[in-house]
Amino acid sequence: RAHVERLTPMIAEVLRDADIALADVDAIAATAGPGLIGGVMVGLVTAKALAFAGGKPLLAINHLEGHALSPRLCDPTLRFPYLLLLVSGGHCQLLGVHGVGSYRRLATTIDDAAGEAFDKVAKILGLGFPGGPALEREAALGDPKAHAFPRAFIGDGRLEFSFSGLKTAVLYACHGQDVAKATPPGPGTKRADLAASFQAAVIDVLVMKCKQALRKTGMTRLAVGGGVTANKPLRKALEAMCEKEGAELFIPPLVLCTDNAAMAALAVEKWKIGEFAPADLDAEPHSV
């Protein structure tokens, strides 16, 4: 409903700010998925209507591809190929990015994504939603070594991720065995230490998997995308790892880490190669 209410007035405002008319636009772009289907449908249907009314080509953006290429929007020196860590509420993947439309998935999560684990642990600790920023603030008050939480698949050479066991370990460390009757802990050392230890475990896994992937692929450039990359301790840990490994790190500024319209700048690269979408394109809620 909010998308429906806000999108048309926002388009008019953007055109005014840019001092152009819709007729001056070369093409119309919109995210076609994956994502929550309601918002995706509103954006795509609006783009189709504008493209049809103005006789403009339609460009469909894959949300994950937007994350994969958005670091290039911020830093034109990022050259293909590069390793991408895509880490968000719905996805946790390592991808080899070889060009526009040329990607190789190296690893993914077998259960929870990192951002999903942040949200769920924040709920366990009574920190509210969205969990990532709240948990990061709480973790700054605690001891990251207070709890020896598991780091899945760290020592076996696999690149896959798993955060479900870590989430369960936090649950039992917080409440003991009787979790059905448990209530979230209040402010204090216990909650802060749980948050700090959980965050440290997630960061250790993400950084180690990136290091392993850089070594396995021989790539020397690491880009990071997705909302979890707004986490400052993660950014610092990736910087330290890349410095030791002799790799370049490319992270968008905080404002572009979470989902944002600037990701549609990918449409410019698709427009240059003439990769247009058909008018009967459907929105896609799931990644493929």
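Two strands count as paired when DSSP finds at least two bridges between them. In this predicted model, strands β4 and β5 form a hairpin with two residues between them. The briefing below covers that hairpin, the sheet around it, a helix lying across the sheet, and a packed pair of helices.

**The β4–β5 hairpin**
- Strand β4 (residues 92-99) runs antiparallel to strand β5 (residues 102-108), and six bridges join the two.
- Within this pairing, Q93 has T108 of β5 as its bridge partner.
- In the turn of the hairpin, G101 has a positive phi of about 85°.

- Strand β3 (residues 82-87) is antiparallel to β4, with six bridges joining them.
- L83 is bridged to G96 in β4, and Y82 stands opposite V97 of β4.

**Burial of β4**
- Strand β4 is largely enclosed by the rest of the structure, because seven of its eight residues are buried.
- Buried here refers to a relative accessible area under 20%.

**The sheet as a whole**
- The strands β5-β4-β3-β6-β7, in that order, make up an open sheet of five strands with mixed pairing.
- Its edge strands are β5 and β7 (248-250), each of which pairs on one side only.
- On average, neighbouring strands of this sheet are turned by 25° against each other, direction ignored.

**A helix across the sheet**

**Packing of α6 and α7**
- Helix α6 (residues 164-175) packs with helix α7 (residues 189-217) at an angle of about 165°, and their axes are 11 Å apart.
- That angle makes α6 roughly antiparallel to α7, a class that applies to angles over 145 degrees.
- The crossing of α6 past α7 is right-handed.
- On the α6 side, the contact is made by L166, V170, A173 and C174; on the α7 side, K190, L194, F198, A201 and V202 take part.
- Classified by residue type, the contact of α6 with α7 has eight nonpolar residues, one charged residue and no polar residues.

Note on methods
Residues are numbered from 1 along each chain as its sequence is written. This is a predicted model: local features need pLDDT of at least 70, side-chain atom pairs count only at pLDDT 80 or more; totals for chains, interfaces and linings use all residues. Side-chain values use heavy atoms; hydrogens and water are left out. Axes are lines fitted to C-alpha atoms, for helices over the stretch in contact, and angles run from 0 to 180 degrees between N-to-C directions. Helices (H or I, at least four residues) and strands (E, at least two) are DSSP runs, numbered from the N terminus. Angles under 35 degrees count as roughly parallel, over 145 as roughly antiparallel, 65 to 115 as roughly perpendicular and the rest as oblique. A crossing is left-handed if the near helix is turned anticlockwise from the far one by less than a right angle, and right-handed if clockwise. Contact means heavy atoms within 4.5 Å. Ala, Val, Leu, Ile, Met, Phe, Trp, Tyr, Cys and Pro count as nonpolar, Asp, Glu, Lys and Arg as charged, and the others, Gly among them, as polar. Buried means under 20% relative accessible area, exposed over 50%, partly exposed in between (1.4 Å probe, protein chains only).
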